[in-house]
Amino acid sequence: MLAIFEESVANPPAELRSPAAVADEKPKQLPEETLREFLSSNPINSFAVKPANSAFLAYAPSPLSFTQRLFCGYDDMYCMFMGSLNNLCDQMKQYGLAKNANEAMLVIEAYRTLRDRGPYPVDQVIRNFDGTFAFVLYDSKSPTVFIALSGDGALKLYWGMGGDGSVVISDDKQVIKSACANSYAPFPPGCVFHSEGGLMSFEHPMNKMKAMPRVDSEGVIRGADFKVDMYARMNSIPRVGSETNWADWSH
């Protein structure tokens, strides 16, 4: 999967940007170049959509992997999903979905419920997903970016800053390195990101996140790793819904 968003839409952590260019760093790519390379390297059944001027989404099935990959678009919301949920049937019943719904449809409905009604905190909603998963959702009406990665470590997701400051997200590390040079990081397992609420751990929702510089053997800082700070706690986890803004979920 590949997703590219304008920086003003995604509002990524500042630590994603490499603090200084280094002499051997390759130039970063512009979004169109990254998208073109992704599609050319995945010529079978790959496609891209541009739901807004500020976003690209590209999907490609992986013939070398047994990991399920899904793409779904509904009511100006788009979701790319990897993995599977063990409790999909129970979650579909909870959200009133049809029996033929899949995980990508579920994520869209769960997001829409959070956005419009918000009966539960976001960390609880994602924690109720039992399985191995990674997803990127884009709501073109808001516009909003919503990302999550399961905490079991079975799947990898990366994000970084492209040549024009765009945020690039992919499960392919080589795609990220080509697009972002040193300005990238692994997306932290067990975490969820919202473009207005920021990055948080849904496994440890009362603890803050911190960025740890990633230093190579020559002492050069090459991006950052994001970790749960077990010593820094939030005062509370607010609910998300009609009376609470998404942006209030982080402290």
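Which residues does M77 touch, not counting residues up to four places away in sequence? In this predicted model, in which residues are numbered from 1 along each chain as its sequence is written, local features need a pLDDT of at least 70, side-chain atom pairs count only at pLDDT 80 or more, and totals for chains, interfaces and linings use all residues. Side-chain values use heavy atoms, with hydrogens and water left out. With that in place, M77 touches C72, I108, Y111, R112, R115, Y138 and D139, where contact means heavy atoms within 4.5 Å.

M77 lies in strand β5. Helices (H or I, at least four residues) and strands (E, at least two) are DSSP runs, numbered from the N terminus. The relative accessibility of M77 is 0%, so M77 counts as buried; the term buried means under 20% relative accessible area, exposed means over 50%, and partly exposed is in between, for a 1.4 Å probe and protein chains only. M77 and E109 are 32 residues apart in sequence, while their C-alpha atoms are 9.6 Å apart in space.

D76 is found in the loop between β4 and β5, and D76 counts as partly exposed because its relative accessibility is 35%. D76 also has a positive phi of about 65 degrees, although it is not a glycine. Most residues other than glycine have a negative phi, and most peptide bonds are trans. N11, in the loop between α1 (7–10) and α2, is another residue other than glycine with a positive phi, here near 50 degrees. With a relative accessible area of 40%, N11 is partly exposed. A cis peptide bond, with omega about -15 degrees, joins S142 and P143. P143 lies in the loop between β6 (131–139) and β7 (144–149).

Now for the chain as a whole. The protein chain has six helices and 14 strands, and buried residues make up 51% of its 251 residues. Of the contacts in the protein chain with a separation of 6 or more, 60% are between residues 24 or more positions apart.

Six of the strands form an open sheet, in the order β2-β3-β1-β9-β8-β10, with antiparallel pairing; two strands pair if DSSP finds at least two bridges between them. At the edges stand β2 (47–52) and β10 (184–186), each of which pairs on one side only. Direction ignored, neighbouring strands of this sheet are turned by 15 degrees against each other on average. Within the sheet, β8 (residues 158–161) and β9 (residues 167–170) pair in the antiparallel sense over four bridges, and the bridge partner of W159 in β9 is I169. Helix α2 (residues 31–41) lies across β1 (2–5), β2, β3 (55–59) and β9, and runs at about 10 degrees to β3. Axes here are lines fitted to C-alpha atoms, for helices over the stretch in contact, and angles run from 0 to 180 degrees between N-to-C directions.

P51 is partly exposed, since its relative accessible area is 24%. Leaving aside neighbours within four places in sequence, P51 is in contact with L57, Y78, Y138 and S140. From P51 to Y138 there are 87 residues in sequence, and 8.8 Å in space, C-alpha to C-alpha.

Another pair of strands, β13 (residues 207–215) and β14 (residues 221–233), run antiparallel and are joined by seven bridges. M212 stands opposite D225 in β14. In the hairpin of these strands, with five residues between them, G219 takes a positive phi near 80 degrees.

Finally, a search of the whole structure finds one cavity of 30 Å³ or more. On a 1 Å grid over the protein atoms alone, a cavity is a set of points where a 1.4 Å probe fits but cannot get out, and lining residues have an atom within 4 Å of a point. The largest cavity has a volume of about 40 Å³, volume being the space filled by probe spheres set on the points, which are joined across faces, edges and corners. M1, Y59, A60, R69, L70, M80, F81 and M82 line the largest cavity. β5 gives the largest share of this lining, three residues. By class, the lining has seven nonpolar, no polar and one charged residues; Ala, Val, Leu, Ile, Met, Phe, Trp, Tyr, Cys and Pro count as nonpolar, Asp, Glu, Lys and Arg as charged, and the others, Gly among them, as polar.

How values were computed: On a 1 Å grid over the protein atoms alone, a cavity is a set of points where a 1.4 Å probe fits but cannot get out, and a pocket is an open set with protein on both sides within 12 Å along at least five of seven lines; lining residues have an atom within 4 Å of a point.
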